[in-house]
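This report describes the fold, the packing and the aromatic pairs of the chain shown below.

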Amino acid sequence: MGLPTVDINYLAVFIAGLVSMIIGGLWYSPLLFGKLWTQLSGITEKQVAEAKKKSMTLSYVLQFIGLLVMACVVAHFIGYLALTTLSDILQLVVWSWLGYQVTLELGTVLWGNKSWSLFLLNSAHNLVSLVAMGLVFFWMA
């Protein structure tokens, strides 16, 4: 016995990944929390300037691929559970965030010597990103 076959809307997966990438770009930009993130991460202005000099194309591509994988997994869960209401989809992404992303991010505080403030900033970003993905899947159903 295996999991049921589900139809995945790959355009919705792509858009969910793209929306999440845009959210991340804004979240960690100087417009929103970029300066706070660099301060909490212990990154200096010199390090930021050096990073900007290097091509970050590969990093952006790999990040986008990771977000596409995340969106595809969310789409599969929505399909396996046959979720159709916005409330159900949002519950799925919030519980997924709490059960997976928050618990994994916790390790950065416990073992990576990062601050609780950085934990909250990154965890909030992940929640907003997953909720946005859920909204895309609901609207494109």
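A residue counts as buried under 20% relative accessible area, as exposed over 50%, and as partly exposed in between, with a 1.4 Å probe and protein chains only. The model is predicted, and local features need pLDDT of at least 70, side-chain atom pairs count only at pLDDT 80 or more, and totals for chains, interfaces and linings use all residues. Residues are numbered from 1 along each chain as its sequence is written, and side-chain values use heavy atoms, with hydrogens and water left out.

**Overall fold**

The secondary structure comes to 6 helices and 0 strands, where helices (H or I, at least four residues) and strands (E, at least two) are DSSP runs numbered from the N terminus. The C-alpha trace spans about 50 × 30 × 30 Å along its principal axes, and 31% of the 141 residues count as buried. Among contacts (heavy atoms within 4.5 Å) with a separation of 6 or more, 77% are accounted for by residues 24 or more positions apart.

**Helix α1**

Helix α1, residues 10-27, has 18 residues and reaches 25 Å from its first C-alpha to its last, close to the 26 Å expected at 1.5 Å a residue; the expected span is 1.5 Å times one less than the number of residues. Within α1, the residues A12, V13, A16, G17, S20, I23, G24 and W27 are buried. They lie on the same side of α1 because they cover an arc of only 135 degrees around the axis, the arc being that of the directions from the helix axis to the C-beta atoms. On the other side of α1, Y10 and L11 are exposed. The cover over the buried residues of α1 includes α2 (34-41), α4 (57-80) and α6 (116-139). At the start of α1, a side-chain oxygen of N9 comes to within 3.1 Å of the backbone nitrogen of L11.

**Nonpolar core**

A nonpolar core is a set of buried Ala, Val, Leu, Ile, Met, Phe, Trp, Tyr and Cys residues joined through side-chain atoms within 4.5 Å. The largest one has 22 residues, and I78, M133 and F137 are those with the most contacts inside it. Two or more residues are given to this core by each of α1, α4, α5 (86-110) and α6, and the largest share, 6 residues, comes from α5. Leaving aside its neighbours within four places in sequence, F137 is in contact with A12, V13, A16, A71, V74, A75 and I78.

**Aromatic pairs**

The whole structure holds 4 aromatic pairs. Rings of Phe, Tyr and Trp (its six-membered ring) pair if their centres lie within 6.5 Å, and planes under 30 degrees apart count as stacked, over 60 as edge-to-face and the rest as tilted. Two of these pairs, among the 4 found, are set out here.

| Pair | Centre to centre | Angle between planes | Class |
|---|---|---|---|
| F14 and F64 | 5.7 Å | 85 degrees | edge-to-face |
| W27 and F33 | 4.7 Å | 50 degrees | tilted |

F14 lies in helix α1 and F64 in helix α4, so their pair ties together parts that are 50 residues apart in sequence. F14 is partly exposed, with a relative accessible area of 40%, whereas F64 counts as buried at 19%. In the other pair, W27 is buried at 12%, and F33 counts as partly exposed at 29% relative accessibility.

Note on methods. A polar contact is a pair of N or O atoms within 3.5 Å; within protein, one must be able to donate a hydrogen and the other to accept it, and residues adjacent in sequence count only if both atoms are side-chain atoms.
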